[in-house]
Amino acid sequence: MLIELEKARTRNNVVRIFVKNWTGQIAGLTVLFVDANEEMVLLQIVDDSVRLNGYQVLFLEDISDFAHPAPFNDFQKKVLALRDEKVVDPEVELLDLAVLLIDISEEFGLVTLHREEIEPDSCEIGRVIRADAVTYELEEIGSDARWFDDTFEYDLYDITRIEFGGAYEEALLLANDAMGDDAYELSDDYPDDGIADDE
């Protein structure tokens with residue numbers, strides 16, 4: 001598979017990757033190949049509007065099949081060329097998962113982490129502030145674009161997919177940057193009746 005992916009990169013072809021998720025469903029992903037090692041593959045996403053929309057890191061063992069070139073490859077290549085959208089290497093290292101998470105957080109501000117064996121219907125988005133060979137600590141951001149007050153620790157090898165540099169992560173950062181003093185979630189430490197104690 002890696003040989004074919006290298007051919008796709010050389011020819012600037014679009015590839016269709018198929019991943020078996022934790023519910024047994026097969027999901028297809030249209031991508032441009034960026035990089036790989038013996039465990040992980042780094043892909044740039046081609047979304048349904050034929051625009052480049054961030055990156056995804058998959059584990060090779062989770063890829064069930066692929067098609068090179070992807071269906072409608074010529075059309076998608078032409079549209080990307082007309083829009084002057086090209087593969088951009090984000091220059092993150094795939095050699096070590098913990099280092100990868102820190103690199104992404106520092107370079108892109110946010111990383112989306114899927115743990116589909118543990119939480120098949122949700123993901124966490126935030127910045128990894130610490131990672132070692134076993135765990136990582138995440139400062140999470142909510143769907144309202146506010147940072148959580150607390151950080152959370154997770155097992156490193158529960159991660160099944162990594163996404164970053166996409167339009168949604170960018171939207172969260174834009175909204176959060178505009179909040180100023182409201183960039184963090186509101187504290188829950190208020191009197192029950194909402195009336196100050198000095199009355």
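**Entry 1. Overall make-up**

I began with burial: 41% of the 199 residues of the protein count as buried, where buried means under 20% relative accessible area, exposed over 50% and partly exposed in between (1.4 Å probe, protein chains only). I note that this is a predicted model, in which local features need pLDDT of at least 70, side-chain atom pairs count only at pLDDT 80 or more, and totals for chains, interfaces and linings use all residues. Residues are numbered from 1 along each chain as its sequence is written, and side-chain values use heavy atoms, with hydrogens and water left out.

I then listed the secondary structure and found four helices and ten strands; these are DSSP runs numbered from the N terminus (helices H or I, at least four residues; strands E, at least two). Along the sequence the pattern reads α-β-β-β-β-β-α-α-β-β-β-β-β-α.

**Entry 2**

I looked up the pairing of β7 (residues 123-131), taking two strands as paired if DSSP finds at least two bridges between them. Strand β6 (residues 111-114) runs antiparallel to β7 and is joined to it by four bridges; within this pairing, T112 has I125 as its bridge partner in β7. On β8 (residues 135-141), β7 pairs over five bridges, again in the antiparallel sense. There R130 has E137 of β8 as its bridge partner.

I recorded a volume of about 200 Å³ for the second largest pocket. Of its 15 lining residues, N53, E163, G166, Y168 and E169 are the closest to the centre. A pocket here is an open set of points on a 1 Å grid over the protein atoms alone, where a 1.4 Å probe fits, with protein on both sides within 12 Å along at least five of seven lines; lining residues have an atom within 4 Å of a point. The volume is the space filled by probe spheres set on the points, which are joined across faces, edges and corners.

At least two lining residues come from each of β4 (52-59), β7, β10 (161-164) and α4 (167-177). With four residues, β4 gives the most. By class I noted eight nonpolar, five polar and two charged residues in the lining; Ala, Val, Leu, Ile, Met, Phe, Trp, Tyr, Cys and Pro count as nonpolar, Asp, Glu, Lys and Arg as charged, and the others, Gly among them, as polar.

**Entry 2. Rings**

I found five aromatic pairs in the structure. The ring centres of F148 and F152 are 6.1 Å apart and the planes stand at 80 degrees, so this pair is edge-to-face. Rings of Phe, Tyr and Trp (its six-membered ring) pair if their centres lie within 6.5 Å; planes under 30 degrees apart are stacked, over 60 edge-to-face and the rest tilted. F148 is partly exposed at 26% relative accessibility, and F152 is partly exposed at 33%. Ring pairs also link Y55, F108 and F164 into a cluster.

The charged end of R127 sits over the ring of W147, 3.7 Å from its centre; the criterion is NZ of Lys or CZ of Arg within 6 Å of the ring centre and within 35 degrees of the ring normal.

**Entry 3. Backbone details**

I checked the loop between β5 (63-67) and α2 (73-82), where P69 lies. A cis peptide bond joins H68 and P69, with omega about -5 degrees.

V50, in the loop between β3 (40-46) and β4, has a positive phi of about 60 degrees although it is not a glycine. V50 is buried, at 9% relative accessibility.
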